[in-house]
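Subject: Structure for you to look at

Dear colleague,

My notes follow below it.

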Amino acid sequence: MTTKTSKSKSTTTRKDKVLLEVNNLTTHFFTQDGVVKAVDGISYNVHEGEVVGIVGESGCGKSVGAMSVMKIIPNPPGRIVDGSVTFEGEDLVNMDESRMREIRGNRIAMVFQEPMTSLNPVLTIGRQLTETLELHQGLKGEDALDKAEELLNRVGIPEARQRLKDYPHQFSGGMRQRVMIAIALSCDPKLIIADEPTTALDVTIQAQILELMQGLAKDFGTALIIITHNLGVVARYADRVIVMYAGKIIEEGTAEEIFHNPIHAYTRGLLASVPRLDAKEHVRLQTIEGLPPDLVSPPPGCGFQPRCTKGPKSCKCAETPPALVEIKKGHYVTECKCCQK
Ligand SMILES: Nc1ncnc2c1ncn2[C@@H]1O[C@H](COP(=O)(O)OP(=O)(O)O)[C@@H](O)[C@H]1O
Ligand SMILES: [Mg+2]
């Protein structure tokens, strides 16, 4: 058993070239009520072309972690206080804003939960697409329109040429999310971070969008980080899954491992709370009792310990945070024995 160090580690995924290396990333918000430890020392890698899922309940630091990678944390009150983010060999944390702007949009694109807030309501979809194509790929006029049509086609929007003339409100929620994905692809990024991209959509559309994104990632060789509170979603579409709780990573492994051999009580709780297609008979969905801790004054030890029904209240991880250890090649879990089966 080896402890996960802050440096990069080997994984069992098929891709082997590291694209993004997040190391001990720590982001705090300095508020009147105290310091919110939103992201508290997380380390993970994303390889070229890999689909990585980041899961956890609301408020556990998924979005702040992604926004830290993109360097779009509102400051004040937020700040990256420790750690590093290395993308294609370049350090993003200390990068100046003009270079960072080149990376955002050109190399890393982000897709948000509610496309209506990211799309401009008074510009046609065509204009919003050609704008990024002009900016990022230097395409003009008819060439930009042709490329915009091709991208809309690619994300499954029928009669694409015609629809370029439409405004965002003329598209359904699912179609707007497809447009957002087309805009993200328009700059030909190496990495797309999708933050709850399907949460506002119904389940059938969710599955279609996720399948689309997974397919595009494979076709374009783009790496993808899918952030969601639904472990069922990522277990199906990701190569690897990272489970976050209270600003920390508590388990990580291939999607297959996490789905079939989850170790941490929290991961198992998340899995029990989503419907399983492979369930042999009707199984009642469970909820995890209690709430995530307040990140201003989190428990001194394992953040999940107050909700853990496995171990005794005297468990030593109540006082000392358990380290993330590799229990099997590429499968990491915090080492508290009480939380493990
Ligand atoms: N601008 C902000 N000011 C203060 N606290 C914030 C701010 N943004 C996020 N937080 C806090 O950071 C924590 C993590 O939030 P977030 O990353 O949005 O969670 P998730 O995406 O997992 O639902 C939460 O406790 C949230 O209240
Ligand atoms: Mg979020």
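By class, the shell around ligand 1 holds 8 nonpolar residues, 7 polar ones and 1 that is charged. Please keep in mind that this is a predicted model. The shell counts 16 residues in total, and F29, A38, K62, S63 and V64 are the closest to ligand 1. Three elements contribute two or more residues each to this shell: β2 (18-31), β3 (34-47) and α1 (62-70). The largest share is that of α1, with 3 residues.

Next, the domains. The protein chain is split into domain 1, made of 15-107 and 189-334, and domain 2, which covers 119-187. Taken over C-alpha atoms, the centres of the two domains are 30 Å apart. Domain 1 puts 14 residues into the contact and domain 2 puts in 11. On the side of domain 1 that touches domain 2, the elements giving two or more residues are α2 (97-106) and α8. Of these, α8 gives the most, with 7 residues. That side of domain 1 consists of 11 nonpolar and 3 polar residues, with no charged ones.

Helix α7 (residues 173-185) and helix α8 (residues 203-220) have axes that come within 10 Å and cross at roughly 15°. The crossing angle is under 35 degrees, so α7 counts as roughly parallel to α8. The crossing of α7 past α8 is right-handed. From α7, the contact takes G174, Q177, R178, I181 and L185, while α8 supplies I205, Q208, I209, L212, M213, L216 and F220. The contact of α7 with α8 has 8 nonpolar residues, 3 polar and 1 charged.

The axis of helix α4 (residues 125-137) and that of α7 come within 9 Å, with a crossing angle of roughly 20°. On that angle, α4 is therefore roughly parallel to α7. Here too the handedness can be given: α4 passes α7 in a right-handed crossing. The residues involved are I125, Q128, L129 and T132 on α4, and V179, A182 and I183 on α7. In the contact of α4 with α7, 5 residues are nonpolar, 2 are polar and none is charged.

Regards

Notes:
Residues are numbered from 1 along each chain as its sequence is written. Chains are lettered from A and ligands numbered from 1 in the order in which they are written. This is a predicted model: local features need pLDDT of at least 70, side-chain atom pairs count only at pLDDT 80 or more; totals for chains, interfaces and linings use all residues. A residue is near a molecule or strand if its C-beta atom, placed from the backbone, lies within 6 Å of it. Helices (H or I, at least four residues) and strands (E, at least two) are DSSP runs, numbered from the N terminus. Ala, Val, Leu, Ile, Met, Phe, Trp, Tyr, Cys and Pro count as nonpolar, Asp, Glu, Lys and Arg as charged, and the others, Gly among them, as polar. Axes are lines fitted to C-alpha atoms, for helices over the stretch in contact, and angles run from 0 to 180 degrees between N-to-C directions. Angles under 35 degrees count as roughly parallel, over 145 as roughly antiparallel, 65 to 115 as roughly perpendicular and the rest as oblique. A crossing is left-handed if the near helix is turned anticlockwise from the far one by less than a right angle, and right-handed if clockwise. Two residues are in contact if their C-beta atoms, placed from the backbone, lie within 7 Å. Domain bounds come from an automatic or database domain assignment.
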